[in-house]
Amino acid sequence: MQIDVFTLVPHAFAWLCEQRPLATVLGSELDLRLLNYRETTPLTGGQVDDDPYGGGAGMVLRVDTVAAALDATYGGPPEHRVIALTPQGRQLDQALVEELATEERLTILSARFEGFDERIVEHLATDPVSIGPYVLSGGELPAMVMVDAIARRLPGALSEGSGDEETFSAELEGGFEYPHYTRPAEFRGWKVPDVLLSGDHARIAAWRREQSRARTAR
Ligand SMILES: C[S@@+](CC[C@H](N)C(=O)[O-])C[C@H]1O[C@@H](n2cnc3c(N)ncnc32)[C@H](O)[C@@H]1O
């Protein structure tokens with residue numbers, strides 16, 4: 001899969017690229033390109049944004065800047081999905097992550113300041129997406145959230161089976177995962193449930209299913 005992230009802050013992604021599971025799939029299952037609008041802007045001095053028509057605070061990412069970035073990268077409007085990150089978009093959930101992880105190519109547009117010129121969302125993007133009902137200062141964190149969530153669904157990203165029964169997975173019918181415990185078996189009087197120490201795999205599996213259902217219901 002190829003994901004192209006358009007951003008004004010490509011170096012913000014350095015940490016994420018060093019971390020698993022992203023680092024595991026980079027260069028094999030995932031080709032991640034970080035593209036800076038300033039490299040292809042048709043305006044002088046690396047300008048990418050401008051004052052809003054009608055007045056008001058803040059700067060708006062220009063439509064010609066984003067169109068030039070897409071043209072320079074794809075030779076015209078891309079034929080694949082183009083996500084515009086905006087708090088006003090469809091909220092990202094695991095179902096959308098699974099859907100996006102099946103795409104061969106994906107473009108993610110991030111903005112800063114007051115956001116996009118609306119024509120970018122209307123004409124250059126196919127999917128406005130939000131990572132949640134709150135406003136961040138820029139699209140870099142949302143883009144990283146999206147790339148990380150997609151990367152862990154790619155083949156080989158996680159060790160065998162570890163992504164199968166995660167919270168929101170189909171295996172758990174979209175519900176919450178069961179609780180995990182590790183050593184010590186008792187700490188300050190807080191005990192690990194006996195069933196997990198029983199060695200009885202059928203009982204453990206039944207207990208986990210029950211815990212998962214109860215947590216989800218709560
Ligand atoms: C300060 S925000 C702009 C908010 C915009 N003026 C509004 O009120 O809807 C700047 C940029 O950060 C990104 N952003 C902020 N919050 C986001 C969220 N919850 N989901 C996705 N992107 C977000 C978007 O790219 C957005 O254009």
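The structure is a predicted model, in which local features need pLDDT of at least 70 and side-chain atom pairs count only at pLDDT 80 or more, while totals for chains, interfaces and linings use all residues. Residues are numbered from 1 along each chain as its sequence is written, and side-chain values use heavy atoms, with hydrogens and water left out.

The chain falls into domain 1 (2-151) and domain 2 (170-217), with bounds taken from an automatic or database domain assignment. Between the C-alpha centres of domain 1 and domain 2 the distance is 39 Å.

Two elements each give two or more residues to the shell around the ligand, strand S5 (81-91) and strand S7 (127-130), and S5 provides the largest share, 4 residues. Strands are DSSP runs of E with at least two residues, helices are runs of H or I with at least four, and both are numbered from the N terminus.

Around the ligand there are 20 residues, of which Leu85, Gln88, Glu114, Tyr134 and Leu136 come nearest; a residue counts as near if one of its heavy atoms lies within 4 Å. A side-chain N or O atom of Gln88 is 3.0 Å from an oxygen atom of the ligand. Polar backbone atoms of Gly138 and Gly139 each lie 3.5 Å from a ligand oxygen atom. Such polar contacts are pairs of N or O atoms within 3.5 Å.

Finally, the backbone has some features worth a look. Most residues other than glycine have a negative phi, and most peptide bonds are trans. Arg20 and Pro21 are joined by a cis peptide bond with omega of about 5°, and Pro21 lies in the loop between helix H1 (14-18) and helix H2 (22-25). The bond from Arg183 to Pro184 is also cis, with omega near 0°. Phe113, in the loop between strand S6 (105-109) and helix H6 (118-124), has a positive phi near 55°.

Note on methods:
A polar contact is a pair of N or O atoms within 3.5 Å; within protein, one must be able to donate a hydrogen and the other to accept it, and residues adjacent in sequence count only if both atoms are side-chain atoms.
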